[in-house]
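Here is a friendly briefing to read alongside your sequence and model.

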Amino acid sequence: MTANEIDDADLPDPSLKNIIDQTTLQWVFVGGKGGVGKTTTSCCLGVQLAMSRKKVLLVSTDPAHNLSDAFCQKIGREPTPINGFDNLCAMEIDASQEVASEIDSAEDENDIFNQMFSDLQNSIPGIDEAMSFSELMKQVQQLDFDVVVFDTAPTGHTLRLLSFPTILEKAFAKVWELKDRFGGLIGQATALMSGGNNPAAAQEHMLGKLEETRAVIAKVNAQFQDPAKTTFVCVCIPEFLSIYETERLVQELSKYGIDSHNIVVNQVLFPEKDAEELSEWYEANASGLPKEAQEICSKMLARKRMQDKYIGQCFDLYGDDFHVTLMPLLDHEVRGVEKLKPFSELLVNPVDLEE
């Protein structure tokens with residue numbers, strides 16, 4: 001399916017303009033299979049949002065950070081202004097390091113609390129990553145930005161990340177249930193661990209910390225499940241494994257109650273033409289081409305036919321409900337603000353190249 005066929009069909013606008021126009025959005029996640037162009041899409045979306053919002057933040061949650069490479073400048077753990085913008089910042093942070101540093105800084109204040117809190121983290125599978133995520137969200141919420149765009153890790157890691165609010169809410173609900181039922185025993189255990197050195201303060205510190213984290217998670221979970229505030233942009237390329245993983249991602253997002261109605265298909269060969277048009281041109285002109293050029297054109301046409309097949313499947317699956325945006329494969333890398341700006345325009349203003 002080509003860009004012209006998309007226009008002729010009565011389908012949702014094939015662009016991300018709906019995200020730019022939705023001024024209530026506070027959290028935009030961009031994710032998909034590894035190597036499909038998530039970081040480029042995130043950066044381009046951030047560039048477009050910066051044209052209409054007061055302050056925009058790009059956050060990389062992928063352990064293998066790429067924002068620095070995309071913008072060709074050093075980006076660290078604190079919001080770093082992007083060259084050429086006065087309202088766009090980016091940061092690359094490791095949430096697990098944030099938790100470790102916070103606990104280390106508090107060691108001198110309350111050793112018993114840290115020991116108990118550490119024991120709690122180690123007692124529930126996955127709780128350490130979930131607590132890291134809560135610290136990440138707490139840090140981001142304290143910053144003064146209109147909208148935050150998350151450049152996420154590949155699909156599996158991202159699904160775990162998005163499930164953490166639900167996991168933590170259930171875990172804290174169980175902890176509070178146990179506190180209500182066995183409050184006396186918890187007090188005695190705290191007294192034993194503290195050696196009688198102000199056990200009430202240690203218990204209060206631990207429960208206060210848990211309540212603070214629980215409140216953050218409850219707020220984050222409510223916002224994640226509010227389509228007016230949160231949406232997820234799925235990114236893929238027109239190949240079987242990527243389309244298949246996108247379908248799995250869409251289903252999992254629905255299970256967690258997270259809105260998703262945009263799909264970006266990257267690396268598309270000639271999105272304004274279909275394979276049959278190119279084949280007709282090739283057959284009419286192949287005899288005048290060198291053998292090497294004929295081989296290149298033949299391989300390109302084979303790949304174009306494959307892409308058209310999977311793009312058609314993508315529209316069959318999502319075309320009625322999703323904004324499906326086709327982004328062209330370029331003859332150069334999209335790195336640096338001077339390349340990202342023009343490429344980002346294609347996210348919101350798909351160009352009819354036949355005009």
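Leaving aside its neighbours within four places in sequence, Trp27 is in contact (heavy atoms within 4.5 Å) with Met137, Val140, Gln141, Val148, Phe150, Gln223, Phe224, Lys229, Thr230 and Thr231. Please keep in mind that this is a predicted model, where local features need pLDDT of at least 70, side-chain atom pairs count only at pLDDT 80 or more, and totals for chains, interfaces and linings use all residues. Residues are numbered from 1 along each chain as its sequence is written, and side-chain values use heavy atoms, with hydrogens and water left out.

- A nonpolar core here is a set of buried Ala, Val, Leu, Ile, Met, Phe, Trp, Tyr and Cys residues joined through side-chain atoms within 4.5 Å; buried means under 20% relative accessible area, exposed over 50%, and partly exposed in between (1.4 Å probe, protein chains only).
- The largest nonpolar core has 37 residues, and those touching the most other members are Trp27, Val59, Phe232, Ile263, Val265 and Val324.
- Helix α12 (residues 291-318) gives this core its largest share, five residues.
- A second, separate core of 36 residues includes Leu16, Val30, Leu49 and Phe85.

- Helices (H or I, at least four residues) and strands (E, at least two) are DSSP runs, numbered from the N terminus.
- Strand β5 (residues 147-151) is largely enclosed by the rest of the structure, because five of its five residues are buried.
- Val147, Val149 and Asp151 point one way from β5, while Val148 and Phe150 point the other way.
- In a regular strand, side chains alternate between the two faces of the sheet.
- Strands pair if DSSP finds at least two bridges between them; β1 (residues 27-32) and β5 pair in the parallel sense over four bridges, with Val28 opposite Val149.
- Strand β2 (residues 56-60) also pairs with β5 in the parallel sense, over five bridges, and Val56 stands opposite Val147.

**Salt bridges**

- The whole structure holds four salt bridges, each a side-chain nitrogen of Lys or Arg within 4 Å of a carboxyl oxygen of Asp or Glu.
- One of them joins Asp21 and Lys17 (3.0 Å, N to O), which both lie in helix α2 (residues 17-21), four residues apart.
- Another joins Glu239 and Arg303 (2.4 Å, N to O), linking distant parts of the chain that are 64 residues apart.
- Asp308 also forms a salt bridge with Lys304, the closest N and O atoms being 3.1 Å apart, and both residues are buried.
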